[in-house]
Amino acid sequence: MKKNLKIALGFILALFVLTSCSKNENEAVGMVSPVVGINYVKALHNGDDVNLVKDKLMGATQIAGVVISDKNSGNFDDKEFVLQNTNKGTTAGLIIKLNDANTSINYGDSVKVEIENCVLTREKGVMKIKGTNLALSKVTKVSSNNTLKPTVLTPTQLFSQFYTRESTLIQLNNATIPNLTGGEVFAGEYKLSENTAISLLLSTRTDASFAQKFLPMVASFIGIPTYYNESSDYYNTAKLLFKMPNEDAVFNQTGSVYLNFPEDFEAAPASAKSQFLMPAINDKVTFRTGTWRIYQGIIGDKVNQDKFNPIGKQAIRLQEQLSEAAYLEMDFDLPNGASQITFSYGATNPATGTAVPSTFILEYSKDGGATWAPIGNSLTSDATVAKEASFSLNIVGNVRFRINKLGLGANGAVVKNGLLNIDDFKVYQNVD
Amino acid sequence: MKKILSIFFAAVVLLVACKKNTSENTPTNPSISSIVPAVAQANQIVAINGKRFSKNAAENIVKFAGVRAEVISATETELKVKVPVNGSTGNVTITINNHTSKGPVFTYGVAGNDPVEYEYVTSTYAGSATAGNTYGPLLEAQFSTLEGVALDESTGDLILADRGNQIIKRIRKNGTLVEFVAGVKGAGTVNGAVDVAKFNNPYKVAVDKFGNIFTVDNGGARIRKIDIATNLVSTFAGPTGATVTTGFIDGPSTTARFNVPIDAVVDNEGFVYVADANNSAIRKISPDGTVTTLAGAGPSQNGLVDGTWPNVRLNRPSGICLDKDGMLLVADRYNNAIRKIDRHTGKTTTIAGTGTAGFKDDEALKATFNHPFGIHADKHNNIYVTELNNNAVRMITPEGRVVTIGGNGTLGFAEGKPGVSQFYNPTDVTVDEDGNIFIADMSNNRIRKIVKVPKI
């Protein structure tokens, strides 16, 4: 055995020696890909400008990718566009700086760019490819109107990962712009997080098509992370900007929360609604936001059973195993429509045994509760944890809401119709 | 064996012979072994130590994350360079005659309050080389997997959780001895007088403003209280008897259950906050013992989600403290992140770490940690974090920078400056009112001390 091992070892060593001398012999065999990944190109930059000669690009002369800036929005330099591609799972982007105007390359175009003998550089902090010969004619359009799927991050994640996310398409969901007094427009720079440790600025040029539109307090944004350094070309001391490609990149705009919301169902004692049906009070109880009808429900305050926000002591508990609907219903209208609703929902734990999920629908009424319409799909509670439901809405004028817990009947192998907790009901006004 | 060696030698000779431009088998690349200090600001002069530098200063091309630095003076083993204004945190590289080598990471920032004047030096405060259970003079005393250390602010004493011995010990302010507080050697759940009571793996301790000690009995899945006025040990929350049951149950003291609790802290109103690791939750205990869940959602509900209930997720939080503003800070171990939690509302944010394991000093949310386990904030809101997998002590400055002040990434036992000093499972940290930093260096069975000293 030992001998075999020795022979094998010698053989491996011999092989190693042979192969180590064979460099340069096979390089001309086979075609080198003319296209190189953007992440590969970016990695070449080590502070100084890099001349993109062929042998630095593994023999390639082109980069390919999808354009994520929109020349029609006016939010970008008219000689530049932002290109990103995904190579071996890594998405990277940079700016292509032409020496003539970009008249034809648009958002969603898939393009190839001849970059041989161009220069990889950072200008005002941003990584770009530029060159005396880099004209629009060096850009070949492969296809148009490609669907762009942004990477969804939190502002904290984007801040942490800014270097690698530079010049790629990112989506920030329900980002809060703090300290707005109302009436501010997009033009300028606004902080994109309430977290003071994060300096991330939504940046819009004054000549952008949407520069004079009103800024939402909370919204989801799609944008391109980019550096801006006023005094030098280095990124490390630059501001971290987030630039929307165009006007469509803001959605789910949300106004401020209605006064006294979120409703936490704490203002009345549990004894105020201790029976699932209390016809003597029409099943109505007044909390901090107003009067609510709790039909086939109680105010639940059992620790480890009712899933209430632990800041408080109570949640609404709707009855289980009914063949009729149970309701938690606002007995009042909100005047300014609704842009978003959030609330918590969870399966109440029974005194013994495990929790059983149930299914419900959020509904709204614009006629004082005479008729109701569903919002979105039904939701099913989780047996283990409370979750937050969030609906983006665009309802104007008077509106009220209710939870309609479906009367699916008795629990069985198929039917799951357990107790349901609802807490922290929060309605946002509609802006505009 | 000889045969193999000779074959190997021949192969090496052949290999070398294949290399271009190399006539002898001595290395030609310069190499950087250290940068002193490794944290500094632009325009400061730092020393780069290593080998094969050019004595001609101009031939050494030194770059800080790609940005060229001016070389002031050069010998073959040391370069004095000026930190470039526009460089950034990252690797320092050196190029001489087209031979480039990558050096260690240099961090732009302020080490301590003034990097020009201070540095951090680690020494041993108590404990000796061998594990044991010996009281007496600090450096002769013995501990067994000492895991917790907390400051009694009412006296300035250090309270120690000597986990392996199941005994709570004390070092008085400016004291020279390790003294007994409570516990009989050997695991147990017995309450009563301090010389009768038994603990079950007391991981860490918290001290209230009166000097009462709360021990986090990891093995007993309960929080114990040592009443300093009566010298009696009782169960503050969790199962009371010999039977250990774990769970994720809120409610009155005796009903409540924990699951691998590790650390606790007490606020001025007497509320105790517990890092309940395997419930991935922060539990809040009222002065009457009633337990609620402040943040996190129970066993296996692991995640890195900020916000408010019911969305917040943690991943086996293992260290907890209060900062000077009364905010809770949590060493969120498996998230490799530091979380900040409002102790009244449960609102949670991430203040340091990226969520990915690593050992990088940087701006707080770009720096990386590897299993942060102990945490403490001093009166200036410097936050100190001990890490199991980096075997290091990190500091988060009030300006939001992470700086390594102890440990070099390798487990071991060594005194001295950052980059030299070593720890072996630093589990907990506290700071006295003079700013001395004390580390429970668990697997070295010692209390280590880090002091900020003026640079010479």
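The dialogue below goes from the model as a whole to single strand pairs.

Q: What should I know before I start reading?
A: This is a predicted model, where local features need pLDDT of at least 70, side-chain atom pairs count only at pLDDT 80 or more, and totals for chains, interfaces and linings use all residues. Residues are numbered from 1 along each chain as its sequence is written, while chains are lettered from A and ligands numbered from 1 in the order in which they are written.

Q: What is the mean pLDDT of chain A?
A: pLDDT is the predictor's confidence in each residue, from 0 to 100. For chain A the mean is 91, and 92% of the residues reach 70 or more. Residues 8-28 of chain A are below 50, and beyond near neighbours in sequence this stretch has 12 contacts in the model. A contact here means two residues whose C-beta atoms, placed from the backbone, lie within 7 Å.

Q: How many helices and strands does chain A have?
A: Helices (H or I, at least four residues) and strands (E, at least two) are DSSP runs, numbered from the N terminus. Chain A has 4 helices and 26 strands. Its radius of gyration, taken over C-alpha atoms, is 30 Å, well over the 22 Å that the globule rule gives for 432 residues, so chain A is more spread out than a compact globule. That rule is 2.2 Å times the number of residues to the power 0.38. The C-alpha trace of chain A spans about 95 × 75 × 40 Å along its principal axes.

Q: Which domains does chain A have?
A: Domain bounds come from an automatic or database domain assignment. In chain A this gives domain 1 (38-143), domain 2 (151-255) and domain 3 (270-428). Between the C-alpha centres of domain 1 and domain 3 of chain A there are 53 Å.

Q: Which strands pair with β13(A)?
A: Strands of a sheet pair through backbone hydrogen bonds, either parallel or antiparallel. Here, two strands pair if DSSP finds at least two bridges between them. Strand β10 (residues 170-176) of chain A pairs with β13(A) in the antiparallel sense over 5 bridges, and Gln171(A) has Ile222(A) as its bridge partner. Strand β14 (residues 239-243) of chain A runs antiparallel to β13(A), joined by 5 bridges; there Tyr227(A) stands opposite Leu240(A). Strand β15 (residues 250-254) of chain A is also antiparallel to β13(A), over 3 bridges, with Phe251(A) as the partner of Ser220(A).

Q: In what order do the strands of the open sheet in chain B lie?
A: The 5 strands follow the order β15-β19-β18-β17-β16, with antiparallel pairing. β15 (192-193) and β16 (202-207) of chain B are the edge strands, each pairing on one side only. Within this chain, β18 (residues 222-227) and β19 (residues 232-237) share 5 bridges, and Lys225(B) stands opposite Ser234(B).
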